Amino acid sequence: MNDIPAHLTEEVHLAFPSRDHLAIEARKLDFFYGKTQALYGVDLPVERHKITALIGPSGCGKSTLLRALNRIYDLYPRQHAVGRILLDGHDVLADRKSLALLRERDGGDDAGMVRSPVDVAGLRARVGMVFQKPTPFPMSIYDNVAFGVRLYQRKSRAEMDQIVEKALRRAALWDEVKDKLHSSGLGLSGGQQQRLCVARGIAVEPDVLLLDEPASALDPVSTAKLEETLIELREDFTIVIVTHNLQQAARISNHTGFMYLGRMMEFQPTEELFANPRGQRTRDYVTGRFG
Ligand SMILES: Nc1ncnc2c1ncn2[C@@H]1O[C@H](COP(=O)(O)OP(=O)(O)OP(=O)(O)O)[C@@H](O)[C@H]1O
(Lines give C-alpha, C1' and ligand atoms only; values in the text may rest on other atoms or scores of the structure.)
Protein backbone atom coordinates (compact mmCIF):
# COMPACT_ATOMS: atom_id res chain seq x y z
CA MET A 1 0.00 0.00 0.00
CA ASN A 2 3.03 2.30 0.41
CA ASP A 3 3.14 3.18 -3.26
CA ILE A 4 -0.27 4.92 -3.43
CA PRO A 5 0.49 8.48 -4.57
CA ALA A 6 -0.27 10.94 -1.75
CA HIS A 7 -2.80 13.00 -3.71
CA LEU A 8 -5.05 9.94 -4.16
CA THR A 9 -5.80 9.86 -0.46
CA GLU A 10 -6.14 13.61 0.03
CA GLU A 11 -9.48 15.11 0.87
CA VAL A 12 -11.38 16.47 -2.12
CA HIS A 13 -13.83 19.36 -2.10
CA LEU A 14 -16.75 18.79 -4.41
CA ALA A 15 -19.86 21.00 -4.42
CA PHE A 16 -21.98 19.49 -7.17
CA PRO A 17 -25.09 21.00 -8.78
CA SER A 18 -28.33 19.06 -8.54
CA ARG A 19 -28.38 15.92 -10.68
CA ASP A 20 -31.73 17.04 -12.16
CA HIS A 21 -30.02 19.76 -14.19
CA LEU A 22 -27.12 17.84 -15.68
CA ALA A 23 -26.62 17.46 -19.43
CA ILE A 24 -23.72 15.04 -19.06
CA GLU A 25 -21.99 13.53 -16.08
CA ALA A 26 -18.91 11.40 -15.46
CA ARG A 27 -19.06 9.14 -12.42
CA LYS A 28 -16.08 7.42 -10.87
CA LEU A 29 -14.24 7.52 -14.15
CA ASP A 30 -10.86 5.84 -14.54
CA PHE A 31 -8.98 6.17 -17.80
CA PHE A 32 -6.04 4.19 -19.14
CA TYR A 33 -3.52 4.70 -21.91
CA GLY A 34 -2.45 1.09 -22.18
CA LYS A 35 -1.41 0.21 -18.64
CA THR A 36 -0.86 3.84 -17.61
CA GLN A 37 -3.71 5.23 -15.57
CA ALA A 38 -4.47 8.89 -16.37
CA LEU A 39 -7.77 9.44 -14.49
CA TYR A 40 -8.65 8.18 -11.02
CA GLY A 41 -12.33 7.93 -10.05
CA VAL A 42 -13.20 11.30 -11.56
CA ASP A 43 -16.67 12.75 -11.02
CA LEU A 44 -17.71 15.58 -13.32
CA PRO A 45 -21.22 16.99 -13.30
CA VAL A 46 -21.97 19.29 -16.25
CA GLU A 47 -24.98 21.48 -15.77
CA ARG A 48 -27.23 22.20 -18.75
CA HIS A 49 -26.93 25.65 -20.38
CA LYS A 50 -23.91 26.49 -18.29
CA ILE A 51 -20.19 26.69 -18.95
CA THR A 52 -18.04 24.28 -16.96
CA ALA A 53 -14.30 24.95 -16.94
CA LEU A 54 -11.57 22.39 -16.25
CA ILE A 55 -8.31 23.78 -14.93
CA GLY A 56 -5.14 22.27 -13.49
CA PRO A 57 -1.44 21.89 -14.19
CA SER A 58 -0.14 20.36 -17.39
CA GLY A 59 -0.66 16.61 -17.58
CA CYS A 60 -3.36 16.47 -14.88
CA GLY A 61 -5.88 14.84 -17.25
CA LYS A 62 -8.10 17.70 -18.46
CA SER A 63 -7.94 16.72 -22.14
CA THR A 64 -8.24 13.05 -21.27
CA LEU A 65 -11.47 13.73 -19.38
CA LEU A 66 -12.82 15.80 -22.26
CA ARG A 67 -11.94 13.09 -24.80
CA ALA A 68 -13.67 10.50 -22.66
CA LEU A 69 -16.97 12.38 -22.69
CA ASN A 70 -17.62 11.73 -26.38
CA ARG A 71 -15.56 8.53 -26.55
CA ILE A 72 -13.26 9.97 -29.14
CA TYR A 73 -10.55 7.82 -27.53
CA ASP A 74 -12.28 4.80 -29.10
CA LEU A 75 -10.53 5.75 -32.31
CA TYR A 76 -7.19 4.90 -30.70
CA PRO A 77 -6.03 1.40 -29.76
CA ARG A 78 -5.23 0.53 -26.15
CA GLN A 79 -7.14 3.45 -24.61
CA HIS A 80 -10.09 2.69 -22.39
CA ALA A 81 -12.35 4.17 -19.75
CA VAL A 82 -13.91 2.43 -16.76
CA GLY A 83 -16.84 4.07 -15.00
CA ARG A 84 -20.00 5.79 -16.10
CA ILE A 85 -20.72 8.64 -18.42
CA LEU A 86 -24.36 9.62 -18.35
CA LEU A 87 -25.80 11.67 -21.18
CA ASP A 88 -29.35 12.61 -20.26
CA GLY A 89 -29.25 9.73 -17.82
CA HIS A 90 -28.15 7.13 -20.40
CA ASP A 91 -24.80 5.47 -19.88
CA VAL A 92 -22.64 5.97 -22.96
CA LEU A 93 -20.18 3.42 -21.58
CA ALA A 94 -22.77 0.66 -21.67
CA ASP A 95 -21.31 -1.49 -24.41
CA ARG A 96 -20.30 -5.04 -23.62
CA LYS A 97 -16.57 -4.36 -23.21
CA SER A 98 -17.00 -1.28 -21.01
CA LEU A 99 -19.56 -3.04 -18.83
CA ALA A 100 -17.25 -6.02 -18.38
CA LEU A 101 -14.47 -3.67 -17.24
CA LEU A 102 -16.86 -1.92 -14.85
CA ARG A 103 -18.01 -5.21 -13.33
CA GLU A 104 -14.41 -6.30 -12.92
CA ARG A 105 -13.75 -3.09 -10.99
CA ASP A 106 -16.97 -2.62 -9.00
CA GLY A 107 -18.58 -6.06 -8.97
CA GLY A 108 -22.17 -6.50 -10.14
CA ASP A 109 -23.59 -3.40 -8.51
CA ASP A 110 -25.26 -1.60 -11.38
CA ALA A 111 -28.87 -1.65 -10.25
CA GLY A 112 -31.05 1.18 -11.45
CA MET A 113 -28.90 2.10 -14.43
CA VAL A 114 -30.50 2.81 -17.75
CA ARG A 115 -28.85 0.51 -20.25
CA SER A 116 -29.41 1.12 -23.91
CA PRO A 117 -27.32 0.37 -26.98
CA VAL A 118 -24.60 2.92 -27.53
CA ASP A 119 -24.63 4.61 -30.92
CA VAL A 120 -21.13 6.06 -30.89
CA ALA A 121 -21.55 8.06 -34.13
CA GLY A 122 -24.78 9.54 -32.73
CA LEU A 123 -22.98 10.28 -29.47
CA ARG A 124 -20.35 12.37 -31.30
CA ALA A 125 -23.13 14.36 -32.99
CA ARG A 126 -24.69 15.05 -29.58
CA VAL A 127 -21.38 15.82 -27.90
CA GLY A 128 -19.29 17.90 -30.30
CA MET A 129 -15.67 18.93 -29.92
CA VAL A 130 -13.47 21.89 -30.84
CA PHE A 131 -9.72 21.42 -30.55
CA GLN A 132 -6.82 23.57 -29.42
CA LYS A 133 -5.55 24.44 -32.89
CA PRO A 134 -8.15 25.60 -35.41
CA THR A 135 -8.79 22.66 -37.72
CA PRO A 136 -10.86 23.86 -40.66
CA PHE A 137 -11.13 21.28 -43.42
CA PRO A 138 -9.50 22.19 -46.77
CA MET A 139 -12.82 23.18 -48.31
CA SER A 140 -15.04 26.24 -48.51
CA ILE A 141 -16.39 28.05 -45.46
CA TYR A 142 -19.88 26.87 -46.44
CA ASP A 143 -18.83 23.24 -46.82
CA ASN A 144 -16.95 23.30 -43.52
CA VAL A 145 -20.17 24.17 -41.70
CA ALA A 146 -22.35 21.85 -43.79
CA PHE A 147 -19.93 18.92 -43.42
CA GLY A 148 -21.25 17.41 -40.18
CA VAL A 149 -24.89 18.02 -41.10
CA ARG A 150 -24.41 16.10 -44.37
CA LEU A 151 -23.06 13.14 -42.41
CA TYR A 152 -26.22 12.80 -40.38
CA GLN A 153 -29.10 14.32 -42.36
CA ARG A 154 -30.36 14.86 -45.90
CA LYS A 155 -31.26 18.50 -46.46
CA SER A 156 -32.35 20.52 -49.47
CA ARG A 157 -30.06 23.28 -50.68
CA ALA A 158 -32.35 25.94 -49.20
CA GLU A 159 -32.50 24.19 -45.84
CA MET A 160 -28.75 23.79 -45.79
CA ASP A 161 -28.29 27.47 -46.62
CA GLN A 162 -30.37 28.31 -43.55
CA ILE A 163 -28.49 25.91 -41.31
CA VAL A 164 -25.13 27.29 -42.43
CA GLU A 165 -26.22 30.90 -41.92
CA LYS A 166 -27.68 30.19 -38.48
CA ALA A 167 -24.52 28.38 -37.32
CA LEU A 168 -22.26 31.16 -38.60
CA ARG A 169 -24.42 33.81 -36.95
CA ARG A 170 -24.40 31.97 -33.64
CA ALA A 171 -20.62 31.64 -33.87
CA ALA A 172 -20.46 35.42 -34.47
CA LEU A 173 -18.75 34.93 -37.83
CA TRP A 174 -21.55 35.61 -40.33
CA ASP A 175 -20.86 39.30 -40.89
CA GLU A 176 -17.21 38.62 -41.60
CA VAL A 177 -17.74 35.79 -44.11
CA LYS A 178 -21.19 36.23 -45.66
CA ASP A 179 -19.72 37.57 -48.91
CA LYS A 180 -17.15 34.81 -49.30
CA LEU A 181 -18.91 31.64 -48.22
CA HIS A 182 -17.40 29.70 -51.10
CA SER A 183 -13.80 30.73 -50.38
CA SER A 184 -11.53 28.32 -48.55
CA GLY A 185 -11.86 28.14 -44.76
CA LEU A 186 -8.07 28.02 -44.65
CA GLY A 187 -7.94 31.63 -45.86
CA LEU A 188 -9.44 32.97 -42.62
CA SER A 189 -7.45 34.36 -39.69
CA GLY A 190 -6.72 32.05 -36.74
CA GLY A 191 -9.52 33.55 -34.65
CA GLN A 192 -11.98 33.31 -37.53
CA GLN A 193 -10.92 29.73 -38.21
CA GLN A 194 -11.61 28.84 -34.59
CA ARG A 195 -15.08 30.42 -34.77
CA LEU A 196 -15.59 28.48 -38.01
CA CYS A 197 -14.81 25.29 -36.07
CA VAL A 198 -17.34 26.35 -33.44
CA ALA A 199 -19.90 26.93 -36.24
CA ARG A 200 -19.13 23.48 -37.65
CA GLY A 201 -19.56 21.98 -34.19
CA ILE A 202 -22.91 23.62 -33.46
CA ALA A 203 -24.43 23.19 -36.96
CA VAL A 204 -25.47 19.65 -35.99
CA GLU A 205 -27.20 21.06 -32.87
CA PRO A 206 -25.25 19.06 -30.27
CA ASP A 207 -26.42 18.98 -26.66
CA VAL A 208 -22.90 19.52 -25.39
CA LEU A 209 -19.92 21.29 -26.91
CA LEU A 210 -16.46 20.35 -25.63
CA LEU A 211 -13.64 22.84 -26.18
CA ASP A 212 -10.02 21.94 -25.52
CA GLU A 213 -8.04 25.14 -24.94
CA PRO A 214 -9.77 26.78 -27.91
CA ALA A 215 -8.12 30.18 -27.41
CA SER A 216 -4.55 29.08 -26.77
CA ALA A 217 -3.45 29.90 -30.34
CA LEU A 218 -5.39 33.18 -30.53
CA ASP A 219 -4.45 36.81 -29.94
CA PRO A 220 -6.23 38.75 -27.16
CA VAL A 221 -8.79 40.35 -29.48
CA SER A 222 -9.77 37.03 -31.06
CA THR A 223 -9.83 35.46 -27.60
CA ALA A 224 -12.24 38.10 -26.33
CA LYS A 225 -14.47 37.56 -29.34
CA LEU A 226 -14.47 33.80 -28.85
CA GLU A 227 -15.32 34.23 -25.16
CA GLU A 228 -18.26 36.48 -26.03
CA THR A 229 -19.43 33.88 -28.52
CA LEU A 230 -19.27 31.11 -25.92
CA ILE A 231 -21.24 33.13 -23.40
CA GLU A 232 -23.98 33.62 -26.00
CA LEU A 233 -23.93 29.97 -27.02
CA ARG A 234 -24.68 28.98 -23.46
CA GLU A 235 -28.31 29.96 -24.15
CA ASP A 236 -28.67 27.02 -26.53
CA PHE A 237 -25.91 24.60 -25.62
CA THR A 238 -24.01 23.19 -22.69
CA ILE A 239 -20.29 23.90 -22.77
CA VAL A 240 -17.24 22.28 -21.20
CA ILE A 241 -13.98 24.13 -21.71
CA VAL A 242 -10.42 23.15 -20.81
CA THR A 243 -8.27 26.20 -20.24
CA HIS A 244 -4.87 27.15 -18.88
CA ASN A 245 -6.05 30.71 -18.64
CA LEU A 246 -7.43 31.19 -15.14
CA GLN A 247 -8.85 34.62 -15.95
CA GLN A 248 -10.70 33.04 -18.83
CA ALA A 249 -12.21 30.38 -16.57
CA ALA A 250 -13.17 33.09 -14.08
CA ARG A 251 -14.69 35.32 -16.79
CA ILE A 252 -16.86 32.86 -18.63
CA SER A 253 -17.58 29.75 -16.59
CA ASN A 254 -20.29 28.96 -14.07
CA HIS A 255 -18.57 25.96 -12.50
CA THR A 256 -14.90 25.12 -12.32
CA GLY A 257 -13.20 21.82 -11.67
CA PHE A 258 -9.59 21.79 -10.50
CA MET A 259 -7.73 18.62 -11.46
CA TYR A 260 -4.40 17.36 -10.18
CA LEU A 261 -2.54 14.25 -11.33
CA GLY A 262 -5.64 12.58 -12.73
CA ARG A 263 -7.97 13.42 -9.89
CA MET A 264 -10.82 15.94 -9.48
CA MET A 265 -9.57 17.72 -6.36
CA GLU A 266 -12.12 20.51 -6.18
CA PHE A 267 -15.33 21.43 -7.96
CA GLN A 268 -17.21 24.59 -7.05
CA PRO A 269 -19.25 27.40 -8.53
CA THR A 270 -16.55 29.43 -10.31
CA GLU A 271 -16.70 32.50 -8.06
CA GLU A 272 -16.37 30.29 -5.00
CA LEU A 273 -13.44 28.35 -6.35
CA PHE A 274 -11.46 31.48 -7.13
CA ALA A 275 -12.50 33.57 -4.11
CA ASN A 276 -12.46 30.85 -1.52
CA PRO A 277 -10.63 27.70 -2.67
CA ARG A 278 -11.12 24.95 -0.10
CA GLY A 279 -8.11 22.76 -0.82
CA GLN A 280 -4.48 23.72 -0.36
CA ARG A 281 -3.53 22.54 -3.85
CA THR A 282 -6.36 24.53 -5.43
CA ARG A 283 -5.32 27.57 -3.44
CA ASP A 284 -1.72 27.22 -4.56
CA TYR A 285 -2.76 26.79 -8.18
CA VAL A 286 -5.20 29.68 -8.42
CA THR A 287 -2.78 32.01 -6.66
CA GLY A 288 -0.06 31.06 -9.14
CA ARG A 289 2.16 29.20 -6.71
CA PHE A 290 2.52 26.24 -9.05
CA GLY A 291 1.38 25.00 -12.42
N1 LIG B 1 -1.64 9.16 -26.04
C2 LIG B 1 -1.15 9.05 -24.80
N3 LIG B 1 -0.46 7.95 -24.44
C4 LIG B 1 0.03 7.81 -23.18
N5 LIG B 1 -0.16 8.71 -22.19
C6 LIG B 1 -0.84 9.81 -22.50
C7 LIG B 1 -1.37 10.05 -23.80
N8 LIG B 1 -2.03 11.24 -23.79
C9 LIG B 1 -1.89 11.72 -22.53
N10 LIG B 1 -1.20 10.86 -21.76
C11 LIG B 1 -0.86 11.05 -20.34
O12 LIG B 1 -2.04 11.20 -19.60
C13 LIG B 1 -1.88 12.20 -18.60
C14 LIG B 1 -2.94 13.27 -18.77
O15 LIG B 1 -2.72 13.95 -20.00
P16 LIG B 1 -3.70 15.07 -20.54
O17 LIG B 1 -3.25 15.43 -21.92
O18 LIG B 1 -5.09 14.63 -20.38
O19 LIG B 1 -3.40 16.28 -19.54
P20 LIG B 1 -3.81 17.80 -19.61
O21 LIG B 1 -4.21 18.20 -18.25
O22 LIG B 1 -4.81 18.01 -20.70
O23 LIG B 1 -2.43 18.47 -20.01
P24 LIG B 1 -2.12 19.82 -20.81
O25 LIG B 1 -2.65 20.92 -19.97
O26 LIG B 1 -0.63 19.84 -20.89
O27 LIG B 1 -2.78 19.72 -22.16
C28 LIG B 1 -0.46 12.72 -18.74
O29 LIG B 1 0.34 12.06 -17.79
C30 LIG B 1 -0.07 12.34 -20.13
O31 LIG B 1 1.31 12.11 -20.22
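**View A. Leucine 29 stands opposite valine 42 of strand E3.** This is a predicted model, in which local features need pLDDT of at least 70 and side-chain atom pairs count only at pLDDT 80 or more, whereas totals for chains, interfaces and linings use all residues. Residues are numbered from 1 along each chain as its sequence is written. Helices (H or I, at least four residues) and strands (E, at least two residues) are DSSP runs, numbered from the N terminus. Strand E2, residues 22-33, pairs with E3 in the antiparallel sense over 8 bridges, where two strands are said to pair if DSSP finds at least two bridges between them. In E3, valine 46 is the bridge partner of isoleucine 24. The two strands E2 and E3 form a hairpin that has 2 residues between them, and glycine 34 in the turn has a positive phi of about 60°.

**View B. The open sheet of 4 strands has the order E3-E2-E5-E6, with antiparallel pairing.** Strand E3 (36-47) and strand E6 (90-91) stand at the edges with a single partner strand each, so one side of each is left without a neighbour in the sheet. Helix H1, residues 62-69, packs on this sheet and touches E2, E3 and strand E5 (79-87), and the direction of H1 makes about 120° with that of E2. Contact here requires C-beta atoms, placed from the backbone, to lie within 7 Å; the axes are lines fitted to C-alpha atoms, for helices over the stretch in contact, and angles run from 0 to 180 degrees between N-to-C directions. E2 also pairs with E5 over 8 bridges in the antiparallel sense, and phenylalanine 32 stands opposite histidine 80 in E5.

**View C. E5 and E6 run antiparallel and are joined by 2 bridges.** Leucine 87 stands opposite histidine 90 in E6, and in the hairpin of E5 and E6, which has 2 residues between the strands, aspartate 88 takes a positive phi near 50°. E5 is mostly covered, since 7 of its 9 residues are buried; a residue is buried if 20 or more other C-beta atoms, placed from the backbone, lie within 10 Å of its own, exposed if 12 or fewer do, and partly exposed in between. Alanine 94 is found in the loop between E6 and helix H2 (96-106), and because alanine 94 has 19 C-beta neighbours inside 10 Å, it counts as partly exposed. Its C-alpha atom is separated by 9.6 Å from that of glycine 83, which is 11 residues apart along the chain.

View D. H1 is mostly covered, with 7 of its 8 residues buried, namely Lys62, Thr64, Leu65, Leu66, Arg67, Ala68 and Leu69. Just after H1, arginine 71 takes a positive phi of about 55°.

**View E. An open sheet of 7 strands has mixed pairing and the order E1-E11-E10-E4-E9-E8-E7.** Strand E1 (13-14) and strand E7 (127-130) are at the edges and have a single partner strand each, so one side of each is left without a neighbour in the sheet. Strand E4 (residues 51-55) pairs in the parallel sense with strand E10 (residues 255-260) over 4 bridges, and 4 bridges also join E4 to strand E9 (residues 238-242), again running parallel. Threonine 52 has histidine 255 as its bridge partner in E10 and valine 240 as its bridge partner in E9. Because 5 of the 5 residues of E4 are buried, this strand is largely enclosed by the rest of the structure. Ile51, Ala53 and Ile55 point one way from E4, whereas Thr52 and Leu54 point the other way.

**View F. Isoleucine 239 is one of the residues that touch the most other members of the largest nonpolar core.** This core has 73 residues, and Ile24, Ile85, Ala199, Ile202 and Val208 are also among those that touch the most other members; such a core is a set of buried Ala, Val, Leu, Ile, Met, Phe, Trp, Tyr and Cys residues joined through C-beta atoms within 7 Å. Not counting residues up to four places away in sequence, isoleucine 239 touches Ile51, Leu209, Leu211, Leu230, Leu233 and Arg234.

Key: Two residues are in contact if their C-beta atoms, placed from the backbone, lie within 7 Å.
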